[in-house]
Amino acid sequence: MIFIYEYSITKTFMKTIKQINEKIRKGEAVVVRADEMPEIYEENPRKAAKEVDVVTTGTFGVMCSSGAFLNFGHSDPPIKMQKVWLNEVEAYTGIAAVDAYIGATELSMDKGLEYGGGHVIEDLVSRKEVDLRATSYGSDCYPRKKIETTLTIDDLSQAVMVNPRNCYQRYKAAINSTNTILHTYMGTLLPDKRNVNFAGTGEISPLANDPNLEVVGVGTRIFLCGAQGIILGEGTQSSPPTGYATIRTQGNLKEMSKEFLAGASILGYGASLFIGIGIPIPILDERIARNTAVRNEDIRVDVLDFGVPKRDRPVVGQVSYAELFSGRIEIDGKKVKTSPLSSLKKSLEIMDTLKGWIQGKEFFLSETIQPLPKDSISKPMKQRKMVPFVGEIMTKRVITAHPEDSIDSVAETLVRKEIDQIPIVDAERKLVGIVTSWDITKAVALKKKKLGDIMTRNVINSRQDEYIDAVSRRFEKYKIHSTPVVNDKKELVGIITMADILHSGVTNKLRSKTKK
């Protein structure tokens, strides 16, 4: 579904950027927040378009595609940095001798998932000392091969934030249909669809207030992490026709504030960076005014099942931001708790700060150099080799038992078939448990008689339509070497082991050699 708002309003421009800037200069500009505009507009649309000059928007959330270009200045003797680490976080140096780009999601060598590029950027903005370590191959003009030093942001020649992708127009919500906890970039998702996490700030989100990209464009001056920044162009993965436009941003890191920027460590996923962005929307005509009167009820998002580790995850529902912010939504006839990943409190603070800058004559609107593309579509990666599905390599003939079976008979089966675990199914062949040789040993010691008394009921399983990469990750995460395989009805259809996965890799290599 496309969320681009079209209305039968005559597009007659009432004002220009130049006229609004003149009103700002005279202290006469009328500036309101995006959450205030719907009521103002509904009371009298034409009056709202005439009297309101600027609507401030805001968002504060994790934006992984962010980072900073840093120039360290030349050492003596000089070095051409081939590798460089800041607080043991590697930065990219394939630019010039002492230039580097540090990405928000790059992880530290010594702290792993707990610290990364986003934290280094926060430390720099906070004026903390940062350890630098660099190596080089050495050359006639750059003879030095190693350097270690400590610096702050004020010791750098330049520190410029450049973010390839910020500020999604709206964002998806996430749920988990599996029976295990998932740690994702959308936060921790509880099993069995017990919670929904969502990102974005709905009606106050910057691009939601200019859905047709009429006034937001290349060169638009913005609020970026407490400093004045600009929009460089469309962001990566921008897809305006589907309502998922993004922007590329830039700002002076030395002018930014730790109040509107923070390193993030997402449990089980990795490092990132909280970014605060505010875009002033100039009210040039009634249609633009109408777009800034959008409400949370108007903006709908898909709830995706992150339990299916594929690029195109299944949509289990569609809801509005109003429903998400209410704290509960209905999925499969049940009420499910929702949690925002973006901060409304910080977003409101951003809107107020930007409003104060404009009213205080510290911030003026800028004309766009050129419009942002409106027809871009995010493309999937081209792959020459496809990853096998579980159903293609699993063992389909599986030895099973039933909850009422005796422990002695199952113990005999384990020994005779030389296996160390056996799935437990009910009369309809639905997976209800699993028993291992260790369970049998404990049962004998405790004088248990029935499998139903000793089996593990919450079974880690795989699905036949999953890629084997997802299963490999599951084996690593839970330190196991096999799982039962079920279909959509939870019926047992096979078993997959580490040996199956290893064999599939060998088979694929042999096939490739045969084709050559």
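**Reading contacts, domains and salt bridges**

Mentor: Contact here means heavy atoms within 4.5 Å. This is a predicted model, in which local features need pLDDT of at least 70 and side-chain atom pairs count only at pLDDT 80 or more, while totals for chains, interfaces and linings use all residues. Residues are numbered from 1 along each chain as its sequence is written, and side-chain values use heavy atoms, with hydrogens and water left out.

Trainee: In which strand does S272 lie, and is S272 buried or exposed?

Mentor: Helices (H or I, at least four residues) and strands (E, at least two) are DSSP runs, numbered from the N terminus. S272 lies in strand 22. Buried means under 20% relative accessible area, exposed over 50%, and partly exposed in between, with a 1.4 Å probe and protein chains only. S272 counts as buried because its relative accessibility is 0%.

Trainee: Where is S342 found, and which residues is S342 in contact with?

Mentor: S342 is found in the loop between strand 27 (334–340) and helix 7 (344–359). Apart from neighbours within four places in sequence, the contacts of S342 are F60, G61, F198, A199, G200 and T201. For G200, the backbone nitrogen lies 2.9 Å from a polar atom of the S342 side chain. S342 also counts as buried, at 11% relative accessibility.

Trainee: Which domains does the domain assignment give?

Mentor: Domain bounds come from an automatic or database domain assignment. For this protein chain, that assignment gives domain 1 (2–63 + 162–371), domain 2 (73–156) and domain 3 (390–515).

Trainee: How much area do domain 1 and domain 2 bury between them?

Mentor: Buried area is the accessible area (1.4 Å probe) that two parts lose on being put together, summed over both. Domain 1 and domain 2 bury about 1400 Å² between them, with 64% of it on carbon and sulfur atoms. Of the area that domain 1 buries against domain 2, L253, K254 and A271 supply 38%, more than any other three residues. In terms of contacts, 18 residues of domain 1 meet 18 residues of domain 2.

Trainee: How many salt bridges does the rule find across the interface of domain 1 and domain 2?

Mentor: A salt bridge is a side-chain nitrogen of Lys or Arg within 4 Å of a carboxyl oxygen of Asp or Glu. Across this interface the rule finds zero salt bridges, whereas a search of the whole structure finds 20.

Trainee: Where else may I see a salt bridge, and what separates its partners?

Mentor: One of them joins the side chains of E22 and R25 (3.2 Å, N to O). These two are separated by about one helical turn, because they are three residues apart in helix 1 (residues 17–25). E22 is partly exposed at 33% relative accessibility, and R25 is partly exposed at 46%.

Trainee: Which parts of the chain does the salt bridge of K346 and E259 tie together?

Mentor: The side chains of K346 and E259 meet in a salt bridge (3.7 Å, N to O). K346 lies in helix 7 and E259 in the loop between strand 20 (247–252) and strand 21, so the pair ties together parts that are 87 residues apart in sequence. E259 is partly exposed, at 40% relative accessibility. Finally, salt bridges that share partners join K15, K23 and D53 into one network.

Technical notes: A polar contact is a pair of N or O atoms within 3.5 Å; within protein, one must be able to donate a hydrogen and the other to accept it, and residues adjacent in sequence count only if both atoms are side-chain atoms.
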